[in-house]
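Have the sequence and the 3D view open side by side.

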Amino acid sequence: MSDVAAQYEAYPYPARDPADEKKRLITGSPSHPFEMDHFLFAGRRDWSKPLRALVAGGGTGDGLIQLAQVMTDLGRPYQITYLDLSTAAREIAEDRARVRGLTGITFLTGSLLDAPDHGPFDYIDCCGVLHHLPEPQAGFDALSAALSPGGGIGLMVYAPYGRSGVYPLQQAFGALFDGVPPGDRLAGAKAVFASVPEGHPFKRNPHLVDHNQSDAGFYDLLLHTQDRPYNVGELTGTLTSAGLELVSFTQPALYDLARLLPKGMALPDGLDRGQQMGLAEKLRGTIKTHVAYAVPKGRAATAQARPTDLSLVPQLKGVPVAKLAQAVAAKGQVRMTQGAETVVEALPKSSASLIAGINGRRSLSDIAAATRLDPIAFQARWRPIDRVLGDWGMLLYARPAG
């Protein structure tokens with residue numbers, strides 16, 4: 001058994017108790033159906049057609065459970081294949097699904113490199129796995145081969161700059177505890193970690209928290225034997241080699257170079273989109289994971305929903321409509337927590353009435369009509385809402401249930 005396989009048998013990740021499914025649903029990105037519709041299907045997927053999905057390297061099941069539960073709640077048909085090397089992780093994911101009474105899931109133990117044998121799929125979730133493969137490009141290639149031509153992938157890979165301090169400790173612990181069984185390896189590393197100076201880049205990095213949350217989190221973050229991060233350029237290059245194209249990161253504001261430059265400073269000439277995002281990643285310095293959606297080559301330009309189409313239905317994700325509208329009306333701004341940081345974006349107070357009109361079923365044209373705005377005036381008023389809420393991943397365009 002490889003070191004990686006032994007790790008996930010001993011410490012399935014992330015640490016989850018199936019009994020907790022009775023109390024809460026863990027949600028996030030990627031793999032929320034509204035987000036998938038927005039980034040992959042231009043906000044227009046016909047959800048009456050069953051979604052055939054693969055959760056590749058599903059671990060203890062966060063992405064799987066979110067997707068299956070939300071699809072169930074929305075009354076949308078689906079067939080999901082779960083695939084992971086770890087028997088221990090699969091059993092936890094199965095128990096979580098059982099507690100919720102979720103059906104339509106096939107659980108398989110195996111490698112994501114075998115994904116094409118189970119496809120094709122309309123959607124593939126691969127979160128936190130590709131960067132742990134001995135040859136990550138082979139993983140990207142396999143997922144690409146398992147995807148239907150009109151489908152898409154939601155993925156997460158590690159990023160280098162927000163994980164400052166991780167890799168020196170991984171290397172040091174790897175040398176100190178080479179060949180040591182997982183339990184002894186964890187105990188030894190924790191003892192050494194307690195003596196690491198407070199000035200170490202890792203201990204000064206407020207964005208890293210997994211090591212404080214569980215033994216599985218400590219092991220996955222600091223004792224992993226196969227772990228490589230991707231900067232923006234490396235990720236887009238790897239996608240290209242796999243026959244895929246980046247549609248967008250789920251929070252494009254993080255990669256917006258203009259947001260990081262002084263007011264009035266022009267962007268340098270000759271920078272393409274990828275170069276701009278790469279510079280923004282370096283200037284921001286806090287991005288620890290890249291969460292993104294990708295599609296087969298040739299589809300990226302038309303995959304994402306655009307608010308210039310007033311027939312689209314806006315959906316708010318992760319924030320109550322009334323509370324947001326009230327905050328904008330009162331202060332003319334939106335406050336967001338991004339990891340260890342608070343982000344404040346200005347938004348005209350007049351935006352509040354338009355935000356209040358979002359109910360998950362009204363189209364943009366319906367909201368415009370209710371506020372007695374002609375299409376041109378509405379677009380002018382909606383544009384800053386889309387730039388702030390859309391760029392930070394809170395505003396999506398997706399077909400409602402039914």
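## A glycine in a loop

G59 sits in the loop that links β1 (51-56) to α3 (62-74); helices (H or I, at least four residues) and strands (E, at least two) are DSSP runs, numbered from the N terminus. This is a predicted model, where local features need pLDDT of at least 70, side-chain atom pairs count only at pLDDT 80 or more, and totals for chains, interfaces and linings use all residues. Residues are numbered from 1 along each chain as its sequence is written, and side-chain values use heavy atoms, with hydrogens and water left out.

Is G59 buried or exposed? Its relative accessibility is 10%, so G59 counts as buried (buried means under 20% relative accessible area, exposed over 50%, partly exposed in between, with a 1.4 Å probe and protein chains only). Skipping neighbours within four places in sequence, G59 is in contact (heavy atoms within 4.5 Å) with Y13, Y82, D84, A89, R90 and A93.

## The sheet

Seven strands form an open sheet with mixed pairing, in the order β3-β2-β1-β4-β5-β7-β6. Strands count as paired if DSSP finds at least two bridges between them. β3 (105-109) and β6 (244-249) are at the edges with a single partner strand each, so one side of each has no neighbour in the sheet.

β4 (residues 121-127) and β5 (residues 147-158) pair in the parallel sense over six bridges. F121 has L147 in β5 as its bridge partner.
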